[in-house]
Amino acid sequence: MLIKTPKSYQLNESNVTDENIYQSRRNIIKQMGFLGAGALLGSAFSSEAQAGFFDDEPEIFKTSTLNFTSDNNKELIKTPENKVISHNNFYEFGTNKTDPQENAQQFNTNPWQLTLSGECDNPHTLDYDDLTKAFPLEERIYRMRCVEAWSMVIPWVGFPLAELIKKAAPNTKAKYVAFETLYDPKQMPGQASRRLGGGVKYPYVEGLRLDEAMNPLTLMSVGLYGKTLPPQNGAPIRLVVPWKYGFKSIKSIVGIKFLTHQPPTTWNILAPREYGFYANVNPEVSHPRWSQASERRITTGGLFARNRIATLPFNGYGEEVAALYKNLDLKKNF
Amino acid sequence: MALKLKLKTKDKVLWLKVAIHLFSLLPLINLYITAFNDQLGADPVEAVIHFTGVGAFNLLLITLMITPIAQRFKLGYLLKTRRLIGLYAFLYGLFHLFNFLAFEIQFDLHLFFSEIFERPYITVGLAAMLLLVALAVTSISFIKRKMGKTWQNLHNLSYLIVLLVAIHFYWSVKSDVTEPLIYWVVTVFLLRLRIGKFKAWLK
C-alpha cells in the first residue's frame with residue numbers, strides 16, 4: 001500500500017481540539033434559527049447545562065469494534081472522528097451536512113444483503129456477517145476530496161473491491177461495474193420526499209470501469225476509526241475510490257452488477273454538464289460553480305485554520321492510477 | 001400591550017431601533033465566537049458564509065416589507081427604521097463577502113478575481129454588494145440632502161439588488177432549491193406590491 005504525502009499537507013498537530021466540544025454543536029446550531037434570534041438567550045447560558053434539560057436526541061446507532069491490520073501512515077493528519085461522522089453528503093437522509101447524523105441513527109443495517117450479479121460466473125449474495133468476515137480487513141488512511149472543494153483524511157477499514165470481484169469471477173464480456181444504494185423510503189426520508197432528497201432520482205447509482213474497480217486502491221469500506229460504519233457514513237458497506245470526487249464513493253450498497261456497457265450514474269443524470277462519469281479529481285477542470293484548483297482540508301482549528309491547499313491530480317494518487325487513463329482526454333472525460 | 005399604546009412615537013422608534021441593534025448584532029457576535037472556537041459543526045467556514053448570506057437577504061426583505069406594512073396599518077413611524085435595517089443588511093453582506101475572501105479562499109487574490117469572472121453566481125452576488133455599498137454610503141444624512149431627487153432614484157436600486165441576491169442564492173445551491181425558491185416567492189411578492197411604481201417608470 002503506497003500513500004504519497006506531499007510536504008505541504010503536513011500540519012501542526014498541536015492544535016487538536018478536544019472532541020467533547022462537539023457534543024454541544026447541535027444545540028448551538030439549533031439556537032441559531034432565523035437570524036439567530038434564538039441564540040441570544042440560548043447561548044448566553046452553557047450549552048452543556050442545556051443539553052441535560054432538553055436532551056431530545058434519539059439513541060445513537062451502535063457501532064462495534066473491528067479486527068484489522070493497521071495502516072501505519074503517520075504523515076497524514078486525520079480529520080477528527082467527530083467531524084467525519086457529522087459532516088456528510090448523504091441526501092437520502094437530508095441535504096444539509098448535519099442532516100445524515102441527525103436522521104440516520106435508527107437506520108437498520110442488520111439483516112443486510114449485498115448481491116453480486118450480471119456478467120459473472122459466480123453471482124452470489126453477502127449477508128450482514130459476511131461483510132466483515134468474508135475477507136481480511138485492513139485500515140487505509142485516505143484523503144477524501146469532495147467535489148465541493150473541501151477534503152478530509154479518513155482512516156477507513158475494509159477490503160479491496162478486487163477481492164470481492166475475484167470471488168464473483170466476471171466473464172470476458174464484463175467491462176463495467178454498477179453499484180446501487182438501498183432503496184427504502186421508510187427508512188430514508190430523502191427518498192420519500194423530493195424536497196428532503198434534493199431532487200435526486202433514487203436509488204442512488206454509481207459505476208466504475210472494471211479496471212478501475214480492480215485497482216488495489218479501490219476499497220469496500222465497512223468501518224472507520226476502527227469501528228463499524230455509522231449510518232451517516234454509509235453503513236454497513238460503502239465504496240471508497242480515493243482518486244475520484246466523493247460522490248463516486250457510493251454508500252449503503254445493496255447491489256453490484258457486472259455490465260458490458262457504461263452504467264448511468266446519479267449526479268451525471270442530474271447535471272451532465274457538471275458531473276461526469278469519471279469524476280477523477282482534477283485541479284485543471286473546474287466545476288461550473290467551483291474552481292477545483294485548491295481545496296479546504298477539514299481537520300481542526302476553527303474559522304482561523306489556514307487550511308486551503310493545492311488540489312493534486314488524482315487527489316495525489318496519480319502514481320497508482322494515472323496509467324488507467326493513458327489514452328483518455330481527461331478534460332472531455334471529466 | 002397597554003403600556004405599548006401609551007408610548008410616544010419617538011419612544012416607539014427608539015425601542016424598535018434598540019431591538020434591531022440587538023437582533024442584528026448579537027447573532028453575529030455569537031456566530032463568530034462559536035466559529036473561532038471550532039464549535040460550529042465540522043466546517044465552520046461553510047456555516048458562517050451561509051449564515052451571513054441568508055441573514056443579509058432576510059434583512060433586505062424586511063426593508064422591503066416596511067413600506068407596505070406602514071401603509072396598510074397606518075404605522076408611519078416604521079419608516080424611520082428602514083435605514084438602520086438596510087445598513088445591517090449591508091453589514092451582513094460585507095461579512096458574507098469577507099467570510100468568502102478570508103476563510104473560504106483565504107486571501108488567494110488570484111483565485112478571488114478568477115472566481116468573480118468565471119462563476120456567474122459570484123459575479124451577480126458581488127454586483128449586488130457593490131450596489132449596496134452605494135446605498136449605504138449615500139444613507140448618510142448630509143449626503144442624502146445634497147443629492148436631492150437623485151437620492152430616491154439611486155435607492156430604487158434596492159429592487160434590483162434584491163433580485164440579484166435572489167439569483168445569487170438560487171444559482172449557488174447544488175441541487176436542493178427549496179430554500180432559494182421560497183425566497184424567490186417572497187421577493188416576487190414584495191416587488192409585485194410595487195407594480196404601480198414600475199409601470200409608471202415605463203411610461
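Which residue of chain B forms a salt bridge with A:Glu148? Select A:Glu148 together with B:Lys174, for these two form the salt bridge, and their closest N and O atoms are 2.9 Å apart; the term stands for a side-chain nitrogen of Lys or Arg within 4 Å of a carboxyl oxygen of Asp or Glu. Across the interface of chain A and chain B, the rule finds 6 salt bridges.

Before going on, note that this is a predicted model, in which local features need pLDDT of at least 70 and side-chain atom pairs count only at pLDDT 80 or more, while totals for chains, interfaces and linings use all residues. Residues are numbered from 1 along each chain as its sequence is written, chains are lettered from A and ligands numbered from 1 in the order in which they are written, and side-chain values use heavy atoms, with hydrogens and water left out.

Now show both chains: 48 residues of chain A are in contact (heavy atoms within 4.5 Å) with 44 residues of chain B. The two chains bury about 3800 Å² between them, 59% of it on carbon and sulfur atoms, where buried area is the accessible area (1.4 Å probe) that two parts lose on being put together, summed over both.

Next, select the open sheet of chain A, whose 5 strands run in the order β2-β1-β10-β5-β6 with mixed pairing. Its edge strands are β2 (124-127) and β6 (205-209), each of which pairs on one side only. Here strands (E, at least two residues) and helices (H or I, at least four) are DSSP runs, numbered from the N terminus, and two strands pair if DSSP finds at least two bridges between them. Within the sheet, β1 (residues 113-118) and β10 (residues 253-259) of chain A pair in the parallel sense over 4 bridges, and A:Gly118 has A:Phe258 as its bridge partner in β10(A).

Around these strands, look at the loops of chain A. The loop between α5 (99-103) and β1 holds A:Pro111, and the peptide bond from A:Asn110 to A:Pro111 is cis, with omega near 10°. A second stop is A:Pro203, in the loop between α8 (189-192) and β6, which a cis peptide bond with omega about 5° joins to A:Tyr202. In the loop between α7 and β5 you will find A:Ala169, a residue other than glycine whose phi is positive, near 55°.
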